Amino acid sequence: MPLTLYVDGDRWRAHQRSVVASFPGIVPVCKGNGYGFGNARLAAEAQLLGADLIAVGMYEEVPAAAEVFDGEILVLVPWRPFAEVTEKYPVIHTVSRLADLEAIAKVTGPKPRVVVELLTSMRRHGIPAAELGLIGPLLDRVESVGWALHLPLTAAGAHGAEVERWIGRLRGSGLPLERLFVSHLTSGDLAALSAKHPELTIRPRVGTALWLKKDQLYRAKAHVLDVHRVRRGSIVVVAGGTANGIALEAPSQVADLRTRAKVLAASSLEAAGRALSPYTIAGRRRWFAEPPHQQVSMILVPSKVKPPNVGDELDVNVGMTLTTFDRIVTS
Ligand SMILES: *Cc1c(COP(=O)(O)O)cnc(C)c1O
């Protein structure tokens, strides 16, 4: 009796296909909690989409993806000497430091396939522009698959310019440049860059835009497991708890804040000292009666509201990247 994600399969896949069409060369990103769907599921969807390459977040995520995906797998987290790499699943590594470019072949065997990540204005991982001149000789040790740029999520338009700067720097340093992996490039910037540099293969790495869309393509629902009458109303025991990522903190989206403010205004006495739950009962988000447990939560419904029945399914407002569903039902 689970926390369930109901997916409108036809519309979800139509959305995926439209994103694939606007991001030629797309590398689907299947990582973390699988954007709510789970990584194995996403890797299987990527297979259906005909992707030749997917990206996973870390080495530990490779086996589950390789079970269902036949193409190549790129690991996004940069390789480090302490990375646990299994030979069983050949991958494309990301390398983001000169020292690692020097060391990786000693650990993985000769000529590992690598993408060299450059340090963008996002400043997460990457070799800085000032060290470009030192990369050339180290590339002999690996099979270089291309360069990677992880761009910051900022105002549209800034990205194209940053990619252009890097193209100029790489060429200026005399480094080979055939393939560029980019993250967070808009489809417009991608089209403009591809038109301007037809000799370059640009591979956009896309997760959120590919898998998620707030358009009723999927809905979270939770079974009512029990209802108990109490002096102030009813305690409703529902599926979903901390194991699923149901937390005291409600997702802080604008619409939710407004809902929260409304509920607070309407029932400030009732709600004193309580936290708003993500569960909707009789059209309104209700308060937790107590902090969520591992797999169930206890919700307080005031006396004036008719409580739901055991077996009903409630709408749950949860963030897809925060939630692990017990069950996914695709129509
Ligand atoms: C997670 C990640 C992505 C995908 O990001 P989305 O915002 O989900 O599209 C792309 N590139 C890198 C390096 C990442 O870590």
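This is a predicted model: local features need pLDDT of at least 70, side-chain atom pairs count only at pLDDT 80 or more; totals for chains, interfaces and linings use all residues.
Residues are numbered from 1 along each chain as its sequence is written, and side-chain values use heavy atoms, with hydrogens and water left out.

The domain assignment places residues 7-211 in domain 1 and residues 218-330 in domain 2, the bounds coming from an automatic or database domain assignment. The centres of the two domains, taken over C-alpha atoms, are separated by 38 Å. The contact between them, with contact meaning heavy atoms within 4.5 Å, takes 9 residues from domain 1 and 9 residues from domain 2. The size of an interface is often given as the accessible area lost when the parts come together. Domain 1 and domain 2 bury about 830 Å² between them, and 58% of this area is on carbon and sulfur atoms; buried area is the accessible area (1.4 Å probe) that two parts lose on being put together, summed over both. Between the domains, 6 residue pairs are in polar contact, both residues being at pLDDT 80 or more. A polar contact is a pair of N or O atoms within 3.5 Å; within protein, one must be able to donate a hydrogen and the other to accept it, and residues adjacent in sequence count only if both atoms are side-chain atoms.

The chain contains 8 helices and 16 strands, defined as DSSP runs (helices H or I, at least four residues; strands E, at least two) and numbered from the N terminus. The C-alpha trace spans about 75 × 40 × 35 Å along its principal axes. Of the 331 residues, 47% count as buried, where buried means under 20% relative accessible area, exposed over 50%, and partly exposed in between (1.4 Å probe, protein chains only). Among contacts between residues at least 6 apart in sequence, 66% join residues at least 24 apart.

Helix α6 spans residues 187-196, and its buried residues are Asp189, Leu190 and Leu193. Seen down the axis of α6, these residues fall within an arc of 100°, so they line one face of the helix; the arc is that of the directions from the helix axis to the C-beta atoms. Thr208 lies in helix α7 (residues 208-211) and is partly exposed, with a relative accessible area of 48%. Thr208 and Val114 are 94 residues apart in sequence, and their C-alpha atoms are 24 Å apart in space.

Strand β1 (residues 3-7) includes Thr4, which is buried, with a relative accessible area of 0%. The side chains of Thr4 and Arg327 are joined by a polar contact of 3.1 Å. Not counting residues up to four places away in sequence, Thr4 touches Arg219, Ala220, Lys221, Glu313, Phe325, Arg327 and Val329.

The structure holds 14 salt bridges. One of them pairs Asp315 with Lys221 at 3.1 Å, N to O. Asp315 lies in strand β15 (residues 313-315) and Lys221 in strand β10 (residues 218-230), so the pair ties together parts that are 94 residues apart in sequence. Asp315 is partly exposed, at a relative accessible area of 31%, whereas Lys221 is buried, at 19%.

A salt bridge also forms between Arg113 and Glu72, with the closest N and O atoms 1.9 Å apart. This pair links distant parts of the chain, Arg113 being in strand β6 (residues 113-118) and Glu72 in strand β4 (residues 72-78), 41 residues apart. Arg113 counts as partly exposed at 26% relative accessibility, and Glu72 is partly exposed with a relative accessible area of 34%.

Asp8, Arg11, Lys213 and Asp215 are linked in a network of salt bridges. Within this group, Arg11 forms a salt bridge with Asp8, the closest N and O atoms being 3.7 Å apart. Arg11 is partly exposed at 35% relative accessibility, and Asp8 is partly exposed at 25%.

Notes:
A salt bridge is a side-chain nitrogen of Lys or Arg within 4 Å of a carboxyl oxygen of Asp or Glu.
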